[in-house]
Amino acid sequence: MLIAKVELREIRLPLIHFFETSFGRTTVRRILLVRVTDKEGAEGWGECTAGEGPFYSYEWVETAWPTIKTFLAPMVIGKEFESAAETWGLMKAVRGHRMAKAAIENACWDLEAKRLRMPLWKHLGGTQAEISCGVSIGIQDTPQALLEKIEVELAAGYQRIKIKIKPGWDLKIIAQVRDKFPEIRLMADANSAYTLADAALFKELDQYNLMMVEQPLAHDDIFDHAELQRQIKTPVCLDESIHSSEDAKHAIQLGAGRIINLKLGRVGGHTQAKEVERVCRENNIPVWCGGMLESGIGRAHNIAMATLAGFTLPGDVSASSRYWAEDIINPPVTVSKNGTISVPDKAGIGFEVNQRRIDSLTVRTEFIS
Ligand code: OSB
Ligand code: MG
């Protein structure tokens, strides 16, 4: 493979409904897309999952763009390499910036799968032609609004409900949800809004039979999470704290959680994601596919990743229509009445990229060659 050109694009995509977590509210996504073109003119697409600000992690659109432009793209362009799996090694000199790296690497995986005329999920080694879906529901203006949203998503068939919590929107809300929906598969995501001083609150949470509580403590912690897990029955799931297969190994050894939310961008792309999945599978730690409010391109990559054997729990990958009036891929991602996505069998990411739609949303473009 020889990448001749990297195209960077920023699109603005308004969410149908705002998405609020313990760290803030998003109404319009700023999404950085990457297109790689090889010397024969074949193309691949990737999406950078960095957010609008450095709140979920230190990466955001304005760190990813110049990091790709100045450092990552030049490390890949013009180099002859065997496979997309080698992209990671070419960019090794840059520390961190995994979401920026993932955007380039995943575009190379799409390109490679297309050249092989293979669906990306099979090229990655995926085994599940259908994946299980849940939804992540943000903090709402009122408890009533949350209960109504849950009702809608259950009627659509989603297999589990995740709600966001923060101090002041936690135990009381979960009690109300459980009261109305006693049997559903339910979990809560705190996005690091608590400390070990809140252990008593999480012990209270044990009575609500949650599948798991996601990232209750600091974004860069595994030590306190291990202490919390010792004190509570609800499984702890790690999101923000896991950036690599080494992080996963250390967290597992320490007992910092029993489940891992695997996000493609957070770990640095498909090669790293496969490593995290393998470590978890070998240690009997279930993983599920997390989401970052991706457009269709990132969503398609998530779907491909979630076909790997270790993905045994419903993920946060849901239908395009939950997020966007019109997605940037055709067809949009749809979910069956059983809460599953049928994985496409076309080459590469398996969805057609809607160039016209992307052009109409683009606010800036830059070519690196
Ligand atoms: O913590 O999983 C999270 C969205 C943005 C940042 C962090 C998270 C999320 C989600 C949304 O929960 C999942 C989705 O629907 O894409
Ligand atoms: Mg999370």
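The lining of the largest pocket comprises nine nonpolar, ten polar and twelve charged residues, where Ala, Val, Leu, Ile, Met, Phe, Trp, Tyr, Cys and Pro count as nonpolar, Asp, Glu, Lys and Arg as charged, and the others, Gly among them, as polar. The model is predicted, local features requiring pLDDT of at least 70 and side-chain atom pairs pLDDT 80 or more, while totals for chains, interfaces and linings use all residues. Residues are numbered from 1 along each chain as its sequence is written, ligands are numbered from 1 in the order in which they are written, and side-chain values use heavy atoms, without hydrogens and water.

A pocket is an open set of points on a 1 Å grid over the protein atoms alone, where a 1.4 Å probe fits, with protein on both sides within 12 Å along at least five of seven lines; lining residues have an atom within 4 Å of a point. Of the 31 residues lining the largest pocket, Phe 19, Phe 23, Thr 26, Met 292 and Leu 293 lie nearest its centre.

Ligand 1 sits in this pocket, that is, more than half of its atoms lie within 2 Å of the grid points. Polar contacts are pairs of N or O atoms within 3.5 Å. An oxygen atom of ligand 1 lies 2.5 Å from a side-chain N or O atom of Tyr 323, and a polar side-chain atom of Lys 164 is 3.0 Å from a ligand oxygen atom. A polar backbone atom of Met 292 is 3.4 Å from an oxygen atom of ligand 1.

Conventions: Polar contact = N/O pair within 3.5 Å; in protein donor to acceptor, adjacent residues only side chain to side chain.
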